Amino acid sequence: MALLKHPRVDAAEQRATEALKRELSEQELFSVAPFDEAETERTGAESYSYWRSTLRAFRHNRVAMFLLSLLVIIVLFTFIQPLLPGQFDPNLANNTVNAKGQTVPMKNTPPDSVHWLGTNNIGQDLWARLWAGTRNSLFIGIAVALIEALVGIVMGVLWGYVRKLDFFFTELYNVLDNIPTTIVLILVSFILRPGMGTLIFAMSVTGWIGMARFVRNQVLIIRDRDYNVASRTLGTATWRIILRNLLPYLVSVIMLRMALSIPGAIGSEVFITYIGLGLPSDVPSLGKLITEGRKLLTSPSKRYQLIYPTIVLSVVTVSFYIIGNAFSDAADPRNHL
Amino acid sequence: MGSYIAKRLLRSVLTLVIILTIVFILVRQMPLEGYFPNFEKMTPEQIKNGLHSMGLDQPLPVQLYHFFRDLITKGDLGTSRIYRQNVPVAEILAPKIPVSVRLGTMSLIVSLLLGLPMGTLMAKYKGKFFDHFGTGVIVLIEAVPAAVYYLFIQFYGTEALGIGMTMLGDKDFNNWQYWILPVLSMSLGNIAYYAMWLRRYMVDESTKDYVLLARIKGAGEGRIMFRHIFRNAFVPMVQYIPTSFLNTVIGSIYIESLYSIPGMGGLLVDVIKKQDNAMVQAIVLLFACVGVIGLLLGDLMMVALDPRISLAKKGGDK
């Protein structure tokens, strides 16, 4: 009965049959194969490389590849943009000469050939601010994801591998998990000096525990499997067991969690800026642009000031989300057939 | 079971004490000048007196001891210093709690009413149009930061409904129209969450043997979907419902300040900025209580629904 067969297995078998038919002619298929001793010694595993298969599976996902290239272009562009001709300093308040010959700030000028996206209410160039803000927001997101992953993996491995630490970490988790992250975020960013470092710290100070718990659970499952027991009996060093036997299992989910915590951190920055506790005033960010733009939402002619940062923000976050999911699918060896 | 709950409650109390201590210490690190509106003009003498009257000049452990003593013996959370001068915190919070709970409950009902059917239908039409459409919607909701779509819901929603931007002040409080947008904003995340996981669990369940048996017996597809698969897929979901309710109430910080709803969430930001220590502690305590109770309730509900799960044996491993 077709129901009993997993659809994925079924599809794989069909693909294999078709490949066989393509490569071999009818005659070859039905003639006796010559015996080749070298051929019998060949094992399938030899030609299998985990990372190559992962990359191949990932490249098959066209949407993810497109978004990845888009993301790379955006990241590169945030660095290239200040070097282009005719750019402004994102923090410079531009002035203009009005009809009476006085020098006044360029308040909310619409987009033109000099200021490509116009200026904001104190005359700063929005095009420059948009890309500087994207750069800063991306930096915050990536830094938070990296710190969370690094601390989380180290702590998680300790938690799962060192039995004496299990009680301590479990209790720590019970406490930290119950403190709403929003409260920590607000308190820390209020108490410490405003800045990128503070925000990154405030976001990762509780974030790592989720990753640690996940790693710990997986380590507990894999730690005492037969091949690890065998490795230990053969005298393999613990760090080698962890690096070679444990962590490769976790790559897909770790990457997924990292890819998801980047948009999470960028969103938190928007939130914390909205409640008035964000970055100092000379550091533009997407959160700051959106908060400023929000105040103009009621006047339709200036609404574009909100639209552009929102588009960039949405593109970046949706891309990370989809790429993360696609990569975690690709990194799963069961999808490598 | 009884002893399990007792043990669990004891742990919860311990957790609450630790959380309160951490927040207490954090709050005490706030800058001194924040306590006085006219700090620059004050003499060191005045500052010292001011700190003394607030009890802030005592060593931290002593302050902490006084706080817990008052809390345990008198149930006293302290008095607000700035938000509303010399009014007991409990008195300020009492009228605000029902507002937040009302908003949270409404959004929970909406998310269950929309999320569960959506997940079920997606599982039923797996790989068909509705499934792809639903996945697209979920990806959008999950990936676009809430801070952004809240803004757009507020903006375009108020235009579409033809109501003003400032809302849910005292006069509009009982007008249901004003509840639509905040409740919708708060529900979206949970709708996506419930739909995504229910679909996943239902798809996992649908390949199991009892489904095959039901089909062989000649049960209709609808019956299999709702009577057999849904019930089993719903069990792991139940655990999240109390927690997601909690997250909704806490996540309301943003929504409540967007729509100026006189609830708890908006208040927290306000009192942290005003450095009203007693208020901050009280609100954090309240949030933490809801969180701990939510986790406990989630586990208990799961046991109640699925007789195969026994918490007592696992010893609170969850």
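Reader: At what angle do helix H5 and helix H13 of chain A pack?

Author: This is a predicted model, in which local features need pLDDT of at least 70, side-chain atom pairs count only at pLDDT 80 or more, and totals for chains, interfaces and linings use all residues. Residues are numbered from 1 along each chain as its sequence is written, while chains are lettered from A and ligands numbered from 1 in the order in which they are written. Helices (H or I, at least four residues) and strands (E, at least two) are DSSP runs, numbered from the N terminus. The axes of H5 (residues 62–80) and H13 (residues 304–331) of chain A lie 9 Å apart, and the packing angle is about 135 degrees.

Reader: Why is H5(A) called oblique to H13(A)?

Author: Angles under 35 degrees count as roughly parallel, over 145 as roughly antiparallel, 65 to 115 as roughly perpendicular and the rest as oblique. The angle here is about 135 degrees, and therefore H5(A) is classed relative to H13(A) as oblique.

Reader: Which residues of H13(A) make the contact with H5(A)?

Author: Two residues are in contact if their C-beta atoms, placed from the backbone, lie within 7 Å. H5(A) contributes A:Val63, A:Ala64, A:Leu67, A:Leu68, A:Leu70, A:Leu71 and A:Ile74. From H13(A) come A:Val316, A:Ser319, A:Ile322, A:Ile323 and A:Ala326.

Reader: Is A:Val114 buried, exposed or partly exposed?

Author: A:Val114 sits in the loop between strand S2 (103–105) and helix H6 (126–161) of chain A. A residue is buried if 20 or more other C-beta atoms lie within 10 Å of its own, exposed if 12 or fewer, and partly exposed in between. Because A:Val114 has 14 C-beta neighbours inside 10 Å, this residue is partly exposed.

Reader: How many helices does chain B have?

Author: The C-alpha trace of chain B spans about 85 × 55 × 30 Å along its principal axes. Of the 318 residues in chain B, 33% are buried. Chain B has 0 strands, and its helices number 14.

Reader: How many nonpolar residues does the side of chain B that touches chain A have?

Author: In all, 28 residues of chain B are in contact with 29 residues of chain A. Elements giving two or more residues to this side of chain B include helix H1 (2–28) and helix H13 (277–305) of chain B. Ala, Val, Leu, Ile, Met, Phe, Trp, Tyr, Cys and Pro count as nonpolar, Asp, Glu, Lys and Arg as charged, and the others, Gly among them, as polar. By class, the side of chain B that touches chain A has 1 charged, 4 polar and 23 nonpolar residues.

Note on methods
Axes fitted to C-alpha atoms, helices over the stretch in contact; angles between N-to-C directions.
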